[in-house]
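Please look over the structure shown below before reading on. The report that follows takes up helix packing, a few individual residues and some backbone details.

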Amino acid sequence: MEPAGSLKLQSPFSLPVDSDNKATEFRPLQISSPHMRAFHLAWLSLFCCFFSTFSIPPLLPVIRDDLKLTETDIGNAGIASFVGSIFSRLAMGPACDLMGPRIASAALSLTTAPIIMSASLVTSPTSFILIRFGVGFSLANFVANQFWMTSMFSPSVVGLANGVSAGWANMGAGVAQLVMPQIYHLLISLLGLPLSTAWRVSFLIPGFFQAVTAIMVLAYGQDLPSGSYKDFRKAIGKPKDNFSEMLYNGLTNYRGWILALTYGYCFGSELTTDNIIARYFYDRFGVNLQVAGMIAASVGLANLFSRPMGGALSDKMGRRFGMRGRLWGLWSVQTVAGLLCVLLGRVNSLWGSIAVLCMFSVFVQAASGLTFGVVPFVSERSLGVIAGMTGSGGTIGAVVTQMLLFSGSRFSLQTSISFMGLMMIVCTLPVTFIFFPQWGGMFFSPSCNANSSAPEDYHLLESGSDKKESK
């Protein structure tokens, strides 16, 4: 009778689950509720946010001529798009901790969708910069995306789930680079719109899809395997954490700050590349707008497999070598990405640059997946805060890089790209300082028993077969 009872307990789920009802398998080709449905809603919603944010760069050569933008205006607009994301990502972490990822995600998408549509009303450099600032807020949905996956999937597959969810979503940037020039030219050729009208009308499309996916998240999503975030806390008898304590625990965890720095120079470098690469090929190699968009699209589209590959590698290294494997994997892959970025700025041929760009895209995005293969283990108590800190680090890194290297005409674009690679290599070194008492670090063994109590909630790894990693 016990096996039958056990089977009945698991019957609400089509996937095998652990003691917290988190899925222990990841099957991206399924849409079963609640685990895989949450996965598909999460990545699709974030995909639309990336599409909206990066729908502007591929049309910059046209917008630049129409609005008479200077290089300083373009640089400031790029910075503004990242600054908006910094503040929203910092706020999104605690918001997910307090109300759950579904409501937090949908609310942000519905708030920012009208902003990208408002790009059709831009008439001056100042209004263009303000639009890019506002649209950048939508990228905070990344934090809700990663929080949602960590809430749905067991530690044995959380790196893969995070990597695929964010990777498929990040393809929105590549699709925007590829599709927006085509939409622009179709509006001209099929509807006969003037050039200055066609690029404005183009921005109604990403805003519409962003709003639709937000409504789908509200209508069909579920915060946790057991139901809503609020009901789950009541069901398990877990009191709601005090907000100030939750925030304090997250902000005082040095591992979160190191991962924020690391993420600043993998995802932050990817964001910067998305912002400048179409213009780089357009200006340096003289390709037309559509070709420049297709080349730039390769960066975002590589997320189809590269970021998931990083998450899967993190899980595999974790199963074989424990936390040490996850950290070594992160450091190695991101350092290679930095070297490729240095080389990208030194290659003088079109096809050579395209080849190096593709290799760089794979490694830099895999490094992002590896980073969020570590994030879920830093703090269960303040997961949202740590995810928000790390996610904000990505946009802060992009802002700093944009300000230092890609604003004004101090350096050529190719020189700035190589300097960005050097910054990536240097900012990856602090990963060597990350140490967990139960699991050790890159160079040191654990300092206490994996099952012993600790001031922080490190027992996130302690579910089912995942106890192996903590040994």
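## Helix 16 against helix 17

In this predicted model, helix 16 (residues 306-321) and helix 17 (residues 323-344) have axes that come within 6 Å and cross at roughly 140°. An angle of that size makes helix 16 oblique to helix 17, since the term roughly antiparallel is kept for angles over 145 degrees. The crossing of these two helices is right-handed.

On the side of helix 16 the contact is made by Leu313, Ser314, Asp315, Met317, Gly318 and Phe321, and on the side of helix 17 by Met323, Arg324, Gly325, Arg326, Gly329 and Val333. Sorted by class, the contact of helix 16 with helix 17 has 5 nonpolar, 4 polar and 3 charged residues.

## Helix 4 against helix 14

A further pair is formed by helix 4 (residues 71-99) and helix 14 (residues 267-284), whose axes come within 12 Å and cross at roughly 150°. That angle makes helix 4 roughly antiparallel to helix 14, and the crossing of helix 4 and helix 14 is right-handed.

Helix 4 brings Glu71, Ile74, Gly78, Ser81, Phe82 and Arg89 to the contact, while helix 14 brings Phe267, Leu271, Thr272, Asn275 and Arg279. The residues of this contact between helix 4 and helix 14 divide into 4 nonpolar, 4 polar and 3 charged.

## Helix 19 against helix 20

Helix 19 (residues 383-405) packs against helix 20 (residues 413-428) at an angle of about 140°, with the two axes 10 Å apart. That angle makes helix 19 oblique to helix 20, and helix 19 passes helix 20 in a right-handed crossing.

The contact is made by Thr401, Leu404 and Leu405 of helix 19 together with Ser416, Phe419, Met420 and Met423 of helix 20. By class, the residues of the contact of helix 19 with helix 20 divide into 5 nonpolar, 2 polar and no charged.

Gln402 has its place in helix 19 and is buried, with a relative accessible area of 2%. When residues up to four places away in sequence are not counted, Gln402 touches Gly75, Gly78, Ile79, Phe82, Thr272, Asn275, Ile276 and Ser407. Among these partners, Gly78 and Phe82 of helix 4 and Thr272 and Asn275 of helix 14 also take part in the contact between those two helices.

Asp274 lies in helix 14, and at 1% relative accessibility Asp274 counts as buried, the cut-off for that term being under 20% relative accessible area. Leaving aside neighbours within four places in sequence, Asp274 is in contact with Phe54, Pro57, Ala173, Gln177, Val299 and Gly300. The C-alpha atoms of Asp274 and Ser298, which are 24 residues apart along the chain, are separated by 9.8 Å.

## The loop between helix 1 and helix 2

Asp20 is placed in the loop between helix 1 (2-10) and helix 2 (35-53), where, at 41% relative accessibility, Asp20 counts as partly exposed. Although Asp20 and Ser151 are 131 residues apart in sequence, they are 9.3 Å apart in space, C-alpha to C-alpha.

Asn21 lies in the loop between helix 1 and helix 2 as well; Asn21 has a positive phi of about 65° although it is not a glycine, and it is partly exposed, with a relative accessible area of 24%. Pro34 is another residue of the loop between helix 1 and helix 2, and a cis peptide bond, with omega of about 5°, joins Ser33 and Pro34.

Lys68 is found in the loop between helix 3 (60-67) and helix 4. Phi of Lys68 is near 60°, a positive value in a residue other than glycine, and Lys68 is exposed, with a relative accessible area of 63%.

## The chain as a whole

The secondary structure of the protein chain comes to 20 helices and 2 strands, and buried residues make up 60% of its 471 residues. Among contacts between residues at least 6 apart in sequence, 79% join residues at least 24 apart. The chain exposes about 17,900 Å², and carbon and sulfur atoms supply 68% of that area.

Notes:
Residues are numbered from 1 along each chain as its sequence is written. This is a predicted model: local features need pLDDT of at least 70, side-chain atom pairs count only at pLDDT 80 or more; totals for chains, interfaces and linings use all residues. Side-chain values use heavy atoms; hydrogens and water are left out. Axes are lines fitted to C-alpha atoms, for helices over the stretch in contact, and angles run from 0 to 180 degrees between N-to-C directions. Helices (H or I, at least four residues) and strands (E, at least two) are DSSP runs, numbered from the N terminus. Angles under 35 degrees count as roughly parallel, over 145 as roughly antiparallel, 65 to 115 as roughly perpendicular and the rest as oblique. A crossing is left-handed if the near helix is turned anticlockwise from the far one by less than a right angle, and right-handed if clockwise. Contact means heavy atoms within 4.5 Å. Ala, Val, Leu, Ile, Met, Phe, Trp, Tyr, Cys and Pro count as nonpolar, Asp, Glu, Lys and Arg as charged, and the others, Gly among them, as polar. Buried means under 20% relative accessible area, exposed over 50%, partly exposed in between (1.4 Å probe, protein chains only). Accessible areas come from the Shrake-Rupley method with a 1.4 Å probe; for residues, only the protein chains shown count as cover.
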